[in-house]
Amino acid sequence: MTDPSNLARRGLMLIMSSPSGAGKSTLSRKLLEREPDMAMSVSVTTRPPRPGEVDGKDYHFITPEEFRQLRDSGGLLEWAEVFGNFYGSPREPVEKALAEGRDVLFDVDWQGAQQIAQAMSQDDLVRVFIMPPSVEELHARLRKRAQDPQEVIARRMAQAANEISHWPEYDYVIINDDLDKADAELAAIIRAERLKRHRRTGLHEFVRGMTREM
Ligand code: ADP
Ligand code: 5GP
């Protein structure tokens, strides 16, 4: 008989978006630290590695020709050109992870989220939008991060309204006021989504085994 406490499941794709500074990276980091069955999608890029960057960990570094082939054969779930370099999320590792019951986290903007939603089955997606509690707090967090010059902060604030306007395209919205509360809400979402019937592929065998005995 199948072990009911450990039924096979299909993994999920967690797509997180937010205006810059709302706390998406902080929440992602906390999530990945405690979830051994969840990993960040590793992008491909045509940009050369920076000192210290590891191929296969930070990015898969590939040539423009390899990128073109991958993209044109449908091997990317989404892609973009940023400052003359190409970036994309490869499809194959995601399909493999989902089939093996592992979850994949995507940290993408609304455009990336839309592209992924078109490339994959809706059943695989869980879309979460992270909101700041207020405009003042968003501004304060961008300043607190203190790694960007003033004009970059101003540009991020200007882009925030556009990013936020896409909130209805997400399944869940977390207002990141208190970090521990936001983190607990994210954990609750993942827990419930993993329990959805259509993801619990082991249920078929479990129920079959049970009805056979009846
Ligand atoms: P993003 O990835 O969305 O751009 P970060 O995770 O880098 O944002 O967060 C921006 C800043 O705000 C960081 O300094 C982070 O420590 C801080 N921060 C994140 N969440 C909270 C919170 N709930 N309360 C206070 N500060 C926060
Ligand atoms: P960097 O070269 O500094 O690592 O990244 C530059 C930009 O590319 C960042 O804004 C980052 O979010 C974006 N980027 C990185 N990987 C991907 C990806 O797979 N898809 C898309 N659309 N953008 C990406």
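For the shells I count a residue as near a molecule if one of its heavy atoms lies within 4 Å of it. This is a predicted model, where local features need pLDDT of at least 70, side-chain atom pairs count only at pLDDT 80 or more, and totals for chains, interfaces and linings use all residues. Residues are numbered from 1 along each chain as its sequence is written, chains are lettered from A and ligands numbered from 1 in the order in which they are written, and side-chain values use heavy atoms, with hydrogens and water left out.

**Ligand 2**

I started with ligand 2, and its shell is S43, R47, R50, Y59, E78, A80, V82, Y87, G88 and S89. I sorted these by class (Ala, Val, Leu, Ile, Met, Phe, Trp, Tyr, Cys and Pro nonpolar; Asp, Glu, Lys and Arg charged; the others, Gly among them, polar). That gave me four nonpolar, three polar and three charged residues around ligand 2.

Which elements supply at least two residues each of this shell? I found strand 5 (76–82) and strand 6 (85–90); strands (E, at least two residues) and helices (H or I, at least four) are DSSP runs, numbered from the N terminus.

Next came polar contacts (pairs of N or O atoms within 3.5 Å). Oxygen atoms of ligand 2 lie 2.6 Å from a side-chain N or O of S43, 2.8 Å from a polar side-chain atom of R50 and 2.4 Å from a side-chain N or O of Y87.

**Ligand 1**

I counted 17 residues around ligand 1, with G21, S25, T26, R145 and N176 the closest. By class the shell holds three nonpolar, seven polar and seven charged residues.

For contacts, I noted an oxygen atom of ligand 1 at 2.9 Å from a polar backbone atom of G23, and an oxygen at 2.5 Å from a polar side-chain atom of T26. N176 has a side-chain N or O atom 2.8 Å from a nitrogen atom of ligand 1. The protein buries 81% of the 570 Å² that ligand 1 exposes when taken alone. Helix 1 (24–34) and helix 5 (135–145) are the elements giving two or more residues to this shell. Helix 5 gives the most, with four residues.

Definitions and conventions: Polar contact = N/O pair within 3.5 Å; in protein donor to acceptor, adjacent residues only side chain to side chain. Areas by Shrake-Rupley, 256 points an atom, 1.4 Å probe, with all protein chains shown as cover.
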